[in-house]
Amino acid sequence: MPRPKLETDRLILQRFARRDSVTLDDAIRASLTDLNQWLPWARMDYTSGDTSAFIRDSVQAWKEDRAWDFSIRFFEDPARHVGNVSLWTVSKLGKIAEIGYWVRSDEANRGICTEAVDRLLGEAFGSMGYHKVVLRIAVGNEASDRVAEKLGFTKEGVLREELLIRGNWVDHSLWSLLDREYRALRRRSAAH
Ligand SMILES: CC(C)(COP(=O)(O)OP(=O)(O)OC[C@H]1O[C@@H](n2cnc3c(N)ncnc32)[C@H](O)[C@@H]1OP(=O)(O)O)[C@@H](O)C(=O)NCCC(=O)NCCS
């Protein structure tokens, strides 16, 4: 299990609690048009009840050591929800985890997603001992592809019709990072 509270230079990543419901809901509502394009759960008729259900499930998943969702917030404005980043196991045997994320639209392109995912990779390849972390990114989601590239992931290929989004089966690229690659990248950035 990762630590429930992680920090970067600018960000606090924290396990969800019931009290986060209102600020999470605000962030989703402010970003729904963008989220709707890529994420199956982000229907245009998304309700605050859906947010409460998400938080309930998230709390339960942490308890069961099954999946780990974090809210992303700025140190300088901790009352405002900036995005989500999540980690879960896809293969126990292969020690493979997957990461998913979104960032509110009015904070896009400030490096927030890259910074948050980088911090979570530290947990995944550190105390959690994963061998490989994957991202599944809808073909055409160039901002998300860019996040993968910036973090040093390799594109393995395309998974055909992997997810049903708004009635269309959408191909997804599979990107991956291995523990030794992550450590080499870390060493290289520390040397600079
Ligand atoms: C994808 C997403 C998480 C990125 O978050 P973010 O905090 O803006 O990401 P970052 O700022 O760390 O990096 C974004 C990069 O994409 C680039 N980018 C943004 N839009 C782009 C586009 N249309 N084409 C190419 N590059 C683009 C940015 O310039 C930036 O790269 P740079 O640092 O080299 O300039 C965010 O846009 C989002 O939540 N989108 C909707 C939901 C979603 O797609 N989730 C991911 C599902 S896999």
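The model is predicted, so local features need pLDDT of at least 70, side-chain atom pairs count only at pLDDT 80 or more, and totals for chains, interfaces and linings use all residues. Residues are numbered from 1 along each chain as its sequence is written, and side-chain values use heavy atoms, leaving out hydrogens and water.

**Helices α1 and α2**
- Helix α1 (residues 21-38) packs against helix α2 (residues 48-63) at an angle of about 125°, and their axes are 9 Å apart.
- In the contact (heavy atoms within 4.5 Å), α1 contributes Ser21, Leu24, Asp25, Ile28 and Arg29, while α2 contributes Ser48, Thr51, Ser52, Phe54 and Ile55.

**Helices α3 and α5**
- Helix α3 (residues 112-125) and helix α5 (residues 179-191) also pack at about 125°, with axes 11 Å apart.
- Asp118, Leu121, Gly122 and Phe125 of α3 meet Asp179, Tyr182, Arg183 and Arg186 of α5.

**Around the ligand**
- The ligand is surrounded by 21 residues (a heavy atom within 4 Å), and the closest are Asn109, Gly111, Thr114, Asn141 and Lys150.
- Asn109 places a backbone N or O atom 2.7 Å from an oxygen atom of the ligand.
- A polar backbone atom of Cys113 is 3.0 Å from a ligand oxygen atom.
- For Tyr101, a backbone N or O atom lies 3.0 Å from a nitrogen atom of the ligand.

Conventions: Axes fitted to C-alpha atoms, helices over the stretch in contact; angles between N-to-C directions. Helix = DSSP H or I, 4+ residues; strand = E, 2+ residues; numbered from the N terminus. Polar contact = N/O pair within 3.5 Å; in protein donor to acceptor, adjacent residues only side chain to side chain.
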